[in-house]
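Student: I have a protein model open and I would like to learn how to read it. Could you walk me through it step by step?

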Amino acid sequence: MKTGIIFDMDGTLWDSAREVALAWNQVITKKGMKPLTDQDLARVMGLPMDKLARALFPEMEAQASYDLMDECVLVENDYLEIHGATLYPGVEETLRALRHNYPLYIVSNCQCGYIEAFLAHYGFGELFSDIQCYGVNKKQKGENIRIVAERNGLDRTIYVGDIEGDYHATVEAGGLFVHAAYGFGTLPEEIAKKVPAIRKFSELPAVIEQLCKE
């Protein structure tokens, strides 16, 4: 059975809220708008890009908020490729250890170029077999998890994410879920009881090993 481990980005592999705010503020402050804070970005991390734009700029008409977001993410991608963000402790070492036994993937609700900026900054391109994001096809995360599984001939997927939406997307795609409990999101108690959780990234290999035995 071919098992693939698929990762969320924000709140799972890194925390980029501060850096994204800095990048977006380069655009929005020139327009006379109030700067975004780290907290503004943290509360919407993980949302599909259209919903993220509406959450951050609710006072704007929908299309205007999307257009502004498109301007911001171009600056953001370049900024992150140069500066990176905050990797969670143990990410690089754990990914390299997991890569010996499992193919690794990333599926995110981000824009085109965001995952690529992450991979380029840290030199992680060799660690991941495939990536997929909302920006490529405007599809929701559950569908994109399925696309990656089918494209790579996976019999079983294990998705690692931090918010409740990640759990529901994984269930929709027929995969197993691991909660990154150190990230931005929390799970309702009835869901938390059903899924394994990691409180630091280095705990992941042991959890994966146990899931593959069941």
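Tutor: Gladly! Let us begin with burial: a residue is called buried under 20% relative accessible area, exposed over 50%, and partly exposed in between, using a 1.4 Å probe and protein chains only. Helices (H or I, at least four residues) and strands (E, at least two) are DSSP runs, numbered from the N terminus. Here, four of the five residues of S7 are buried, so strand S7 is largely enclosed by the rest of the structure.

Student: Before we go on, what kind of model is this?

Tutor: This is a predicted model, in which local features need pLDDT of at least 70, side-chain atom pairs count only at pLDDT 80 or more, and totals for chains, interfaces and linings use all residues. Residues are numbered from 1 along each chain as its sequence is written, and side-chain values use heavy atoms, with hydrogens and water left out.

Student: How many helices and strands are in the chain?

Tutor: The chain has 11 helices and eight strands. Its radius of gyration is 17 Å, close to the 17 Å from the globule rule for 214 residues, so the chain is as compact as a globular protein of that length. That radius is taken over C-alpha atoms, and the rule is 2.2 Å times the number of residues to the power 0.38. Along the principal axes, the C-alpha trace spans about 55 × 35 × 30 Å.

Student: What share of the residues is buried?

Tutor: Of the 214 residues, 52% are buried. Among contacts between residues at least 6 apart in sequence, 66% join residues at least 24 apart.

Student: Now the sheet, please. In what order do its strands lie?

Tutor: First, the general idea: strands of a sheet pair through backbone hydrogen bonds, either parallel or antiparallel. For counting, two strands pair if DSSP finds at least two bridges between them. In this model, six strands form an open sheet in the order S5-S4-S1-S6-S7-S8, with parallel pairing. Strands S5 (130–133) and S8 (197–198) stand at the edges with a single partner strand each, so one side of each has no neighbour in the sheet.

Student: Which residues stand opposite each other around S7?

Tutor: Follow His 179: this residue stands opposite Ala 197 in S8, and Gly 161 stands opposite His 179 in S7. S7 (residues 176–180) pairs with S8 in the parallel sense over two bridges, while strand S6 (residues 156–161) and S7 pair in the parallel sense over four bridges.

Student: And S4: are its faces covered or open?

Tutor: Both faces are covered, with Leu 104, Ile 106 and Ser 108 buried on one side and Tyr 105 and Val 107 buried on the other. Three bridges join S4 to the parallel strand S1 (residues 3–7), and Ile 6 stands opposite Tyr 105. S4 also pairs with S5 in the parallel sense, over four bridges, with Ser 108 opposite Cys 133.

Student: What does Ile 145 touch?

Tutor: Ile 145, also in helix H8, is buried at 2% relative accessible area. Not counting residues up to four places away in sequence, Ile 145 touches several residues, among them Ile 6, Val 107 and Tyr 159.

Student: Where can I look for exposed residues?

Tutor: Leu 74 and Asn 101 are 27 residues apart in sequence and 35 Å apart in space, C-alpha to C-alpha. Another one is Lys 138, exposed with a relative accessible area of 52%. Lys 138 lies in the loop between helix H7 (134–137) and H8, and has a positive phi of about 60° although it is not a glycine.

Methods:
Contact = heavy atoms within 4.5 Å.
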